[in-house]
Amino acid sequence: MRSTQVDQRRAAQADQFAGSYKAVAQVVRELGLLRRARWFYGLLFGGLCLALAGTVAGFVLLGDSWWQLLIAATLGVICTQFAFLAHEASHRQIFSGGPANDRAGRLLGTLLVGISYSWWMGKHTRHHANPNRVGKDPDIEIDTISFLAEDAATRRGLLAALTRRQGYAFFPLLMLEGINLHVSSIRFLAGRRRITGRWVELGLIAAHLALIATPAFVFLSPGIAGAFCGVQLAVFGVYMGASFAPNHKGMPIVGADEKLDFFTKQVRTSRNIRGRFWASALMGGLNYQVEHHLFPSMPRPHLAKARSIVRDYCRSRGIPYTETSLPRSYAIVIAYLNEVGLAARDPFECPMLALRR
């Protein structure tokens, strides 16, 4: 009898949340928040091209100087901003038609950023379908960092020592994320699976790397040139990771067999960052993560209005809606990763000895 009542409550709750998405989506459509915003993306792309031209001019004027590392850092920031645009093209936010968005995404993401568009599309599409779901979301799969306690428990040796303190190591490790993204892209394109545009993307990645490395090693001394490439990759990796990490890390994990409706799944596992305009400019619209997951094709300029609608609706219905500051989100991510890392402790280790370390 009790089991039947529980099932009925769950079914009623599922209907409520399903109805929630329909109600919010209707308001969003009526307000025209799904309309393209080509003017915005045109101005943004133009501004980034001007910034890139200014960076090139600075590179030429500075000559063989260690001040070039500032140019490298700026280039890392610009590449990340182009990556945000490629991300938005992959979600059909820029143009109405799919092919136009794909062409823009491939040029922006592969040529200007150096990441395989095909690899990114496959990985990111799976993430959006099942954010934070065990066995489904590639963003919480085990890597250098463990995002699940059961994965951390499998660590041994030096990796276990790193995992126990992985929260503190997370942001320093992001300095290698730029290299990891390039390597993962090339490894994917070099695989045996069928990939549309494989050779085009390999050529574009090669062109991207050449456009950065060739001028550096031709016009700068070897030491400065190596540092230039290293700083560019480090800034790019940290900026990318610091923009994507607050979105879901430390939010509830969804079990492999847990059944959730679309609205619950997306709102429950996503975190917004306060800051409105500056946060949107800094994070490429990723600060509106809840709304982005509910309406992936919504252009960046409309996300702020959608936030007000979704947040107010959730509050009126008692639905959890998570929003915090950027520094607080980083503290949550670090604490969460450290908590997960505790599973990497040696079960035979003396607890008192561990405390004294």
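Me: How many aromatic pairs does the count come to?

Reply: This is a predicted model, in which local features need pLDDT of at least 70 and side-chain atom pairs count only at pLDDT 80 or more, whereas totals for chains, interfaces and linings use all residues. Residues are numbered from 1 along each chain as its sequence is written, and side-chain values use heavy atoms, with hydrogens and water left out. Rings of Phe, Tyr and Trp (its six-membered ring) pair if their centres lie within 6.5 Å, and by this rule the number of aromatic pairs is ten.

Me: Are the rings of Trp39 and Phe40 stacked or edge-to-face?

Reply: Planes under 30 degrees apart count as stacked, over 60 as edge-to-face and the rest as tilted. The ring centres of Trp39 and Phe40 are 6.0 Å apart and their planes stand at 85 degrees, so the pair is edge-to-face.

Me: Are α4 and α10 parallel or oblique to each other?

Reply: Helix α4 (residues 98–113) and helix α10 (residues 198–219) pack with their axes, lines fitted to C-alpha atoms over the stretch in contact, 6 Å apart and at an angle of about 45 degrees. Angles under 35 degrees count as roughly parallel, over 145 as roughly antiparallel, 65 to 115 as roughly perpendicular and the rest as oblique, and therefore α4 and α10 are oblique.

Notes
Axes fitted to C-alpha atoms, helices over the stretch in contact; angles between N-to-C directions. Helix = DSSP H or I, 4+ residues; strand = E, 2+ residues; numbered from the N terminus.
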